[in-house]
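Subject: Structure handover

Hello,

Here is the structure I said I would pass on. My notes on it follow below.

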Amino acid sequence: MVKQKYHHISANKFEADHFQEFFDYLKTEKEVANKTWNHYLGTLVRFKNELRKRDKKLWKVDPLERFEKLPTKSYMHAAYSNEQMKRILRYCEYHKLDNFLLFIRFCYYSLARTNEVCNIKAGHLDMEIGRILIQGETAKSDETYCGIPPKLKEIIVENGLHKLPPNHYIFGKAGKPEKEHIGGKYFYKKNKKMLQELQLNDKKYTLYAYKHTGAISLYIQTKDIKLLQRQLRHKSVNESENYLRNLG
């Protein structure tokens, strides 16, 4: 096997042909998907770059230069249809999953990531300006803000969330606002069970998909791609357009 054949070869002896043999092995023997192939390539590139930082003399010719990422098609986080969202709403109401439904609505209207929503405190809700602070440790970059759409504002006021102590998380560990947040795994398990019972347990439907569904809904209502970009807090319109892939 490839991993045994080159087990004792030092890094500086590896050439493009060695990597070619490894990638051929992945495709022909392991029959990995393009996404997995790309993952291996990315890992090797990062490892190679780290080694070259330590020793500038390594590899006069980049041994991975000839390899490019393979095309992939993502089906993850597919948006829910209107009918599916109605079924999800009825399920939550029937089973009295008020906290879970509130979480879904925050993801849907704010377009924040699930881990970001879990970390929203009452003090992060700026009702006067109409925005929510997304903390830097939960956002992908520094602290950012997402807007509070009219419907989300209604939900916040209706539940009195803006009147809670500023240090209380909206989604507390006890199933209600408190000083310790509940964590995304709780909602992941709730969502997984619900989707199974609704026979929507296709892998493309996920907890993260509520954000995608909300993004599509916002664009359909406004046809304003720049508004969508601001709400998603993306640096480019192209990144935001990726959320509209279910529109065709």
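Just after helix α8, Q199 takes a positive phi of about 60 degrees. Helices here are DSSP runs of H or I with at least four residues, strands are DSSP runs of E with at least two, and both are numbered from the N terminus. Q199 is not a glycine, and its place is the loop between α8 and α9. Its relative accessibility is 70%, so Q199 counts as exposed; the cut-offs are under 20% relative accessible area for buried, over 50% for exposed and in between for partly exposed, with a 1.4 Å probe and protein chains only.

Before the rest, the conventions. This is a predicted model, in which local features need pLDDT of at least 70 and side-chain atom pairs count only at pLDDT 80 or more, while totals for chains, interfaces and linings use all residues. Residues are numbered from 1 along each chain as its sequence is written, and side-chain values use heavy atoms, with hydrogens and water left out.

Two other residues have a positive phi. K223, in the loop between α9 and α10, has one of about 55 degrees although it is not a glycine. With 55% relative accessibility, K223 counts as exposed.

Helix α8

α8 has 14 residues, and from its first C-alpha to its last it reaches 20 Å. That is close to the 20 Å expected at 1.5 Å a residue, where the expected span is 1.5 Å times one less than the number of residues. The buried residues in α8 are F187, N191, M194 and L195. They cover an arc of only 95 degrees around the axis, which puts them on the same side of α8; the arc is that of the directions from the helix axis to the C-beta atoms. These buried residues pack against α4 (82-94), α5, α6 (114-118) and α9 (209-222), a contact being heavy atoms within 4.5 Å. K185, K189 and K193 are exposed, on the face of α8 turned away from its buried side.

Helix α4

α4 has 13 residues and reaches 18 Å from first C-alpha to last, close to the 18 Å expected at 1.5 Å a residue. Q84, M85, I88, Y91 and C92 are buried in α4. Their arc around the axis is only 120 degrees, which puts them on the same side of α4. What covers them includes α5, α8 and α9. The exposed residues N82 and Y94 are carried by the face of α4 turned away from its buried side.

Aromatic rings

The structure holds twelve aromatic pairs. Rings of Phe, Tyr and Trp (its six-membered ring) pair if their centres lie within 6.5 Å; planes under 30 degrees apart count as stacked, over 60 as edge-to-face and the rest as tilted. The ring centres of F103 and F187 are 4.0 Å apart and their planes are at 5 degrees, so this pair is stacked. F103 lies in α5 (residues 98-110) and F187 in α8 (residues 184-197), so the pair ties together parts that are 84 residues apart in sequence. Both F103 and F187 are buried. Y108 and Y109 form an edge-to-face pair, 4.9 Å centre to centre with 85 degrees between the planes. Y108 counts as buried at 18% relative accessibility, whereas Y109 counts as partly exposed at 24%. One aromatic cluster is formed by F100, F103, F106, F171, Y186 and F187.

A charge also sits over a ring: the charged end of R131 is 3.7 Å from the centre of the Y145 ring. The criterion is NZ of Lys or CZ of Arg within 6 Å of the ring centre and within 35 degrees of the ring normal.

Two loop residues

H234 is in the loop between α10 (225-232) and α11 (237-241) and counts as buried at 10% relative accessibility. Its side chain makes a polar contact of 3.0 Å with the side chain of S240. A polar contact is a pair of N or O atoms within 3.5 Å; within protein, one must be able to donate a hydrogen and the other to accept it, and residues adjacent in sequence count only if both atoms are side-chain atoms. Not counting residues up to four places away in sequence, H234 touches Q229, E239, S240 and Y243.

L164 is in the loop between α7 (150-158) and α8. Its relative accessible area is 24%, so L164 is partly exposed. With residues up to four places away in sequence left out, L164 touches A122, I170 and P177. L164 and P177 are 13 residues apart in sequence and 8.0 Å apart in space, C-alpha to C-alpha.

Regards
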